[in-house]
Amino acid sequence: MEPFGFEKLPEIIRQLFEKVERIEELVSDLNPVEDRSNDLLTVKEAADYLKVSVQSLYSKVSRMEIPVSKPGRRLYFSQSELKNWVSASRRKTASEIIQESQSKSN
């Protein structure tokens, strides 16, 4: 960057502010704010989200296998809870099981 005089200072500050604003916009696009207002899903939406049939979802609810809220007569599912439920039910690979058993035996 070339040296500048006092008379150019306002223009340089303006350019800096514009660049900072552009950087903030780029960063906010990379990390979207989680909107909790759309976190609750209906039965149909939850079934679509999990890629299962509505009947299969009702079966999981009746067997208490899946997190659900029932304020009144309707069922509601939290999208974040469903995501955590799917992640928690991940099966280990054979190599992970072998590695875990070897680390326990040592």
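This is a predicted model: local features need pLDDT of at least 70, side-chain atom pairs count only at pLDDT 80 or more; totals for chains, interfaces and linings use all residues.

What is the relative accessible area of Ser-69, and does this make Ser-69 buried, exposed or partly exposed?

Analyst: Ser-69 has a relative accessible area of 37%, so Ser-69 is partly exposed. Residues are numbered from 1 along each chain as its sequence is written, and side-chain values use heavy atoms, with hydrogens and water left out.

Ser-69 sits in the loop between H3 and S2. Here H marks a helix (a DSSP run of H or I, at least four residues) and S a strand (a run of E, at least two), numbered from the N terminus. Setting aside residues up to four places away in sequence, Ser-69 touches Arg-74, Leu-75 and Tyr-76, where contact means heavy atoms within 4.5 Å. Ser-69 and Leu-40 are 29 residues apart along the chain, and their C-alpha atoms are separated by 9.5 Å.

Met-64 is also in the loop between H3 and strand S2 (77-78). At 75% relative accessibility, Met-64 counts as exposed. Its phi is near 55°, which is positive in a residue other than glycine. Lys-51 has a positive phi too, of about 60°, and is not a glycine either. Lys-51 belongs to the loop between H2 and H3, and counts as exposed at 73% relative accessibility.

Beyond its neighbours within four places in sequence, Leu-75 is in contact with Leu-41, Thr-42, Val-43, Tyr-58, Val-61, Val-68, Ser-69 and Lys-70. Leu-41 lies in strand S1 (residues 40-41) and counts as buried, at 8% relative accessibility. Apart from residues up to four places away in sequence, Leu-41 touches Ala-46, Tyr-49, Leu-75, Tyr-76, Phe-77, Gln-79 and Leu-82. Leu-41 and Phe-77 are 36 residues apart in sequence, but 5.0 Å apart in space from C-alpha to C-alpha.

Leu-75 and Leu-41 both belong to the largest nonpolar core, which has eleven residues, including Ala-46, Phe-77 and Leu-82. Such a core is a set of buried Ala, Val, Leu, Ile, Met, Phe, Trp, Tyr and Cys residues joined through side-chain atoms within 4.5 Å. H2 and helix H3 (54-62) are the elements that give two or more residues to this core, and the largest share, four residues, comes from H2. In soluble globular proteins, nonpolar side chains tend to be buried together.

Helix H2 (residues 43-50) also packs against helix H4 (residues 79-88), at an angle of about 35° and with the axes 11 Å apart. An axis is a line fitted to C-alpha atoms over the stretch in contact, and angles run from 0 to 180 degrees between N-to-C directions. On the H2 side Ala-46, Tyr-49 and Leu-50 take part, and they meet Gln-79, Leu-82, Lys-83, Trp-85 and Val-86 in H4.

Helix H5 (residues 94-105) gives a contrasting picture. Of its twelve residues, the number buried is zero, so H5 lies largely in the open.

Methods
Buried means under 20% relative accessible area, exposed over 50%, partly exposed in between (1.4 Å probe, protein chains only).
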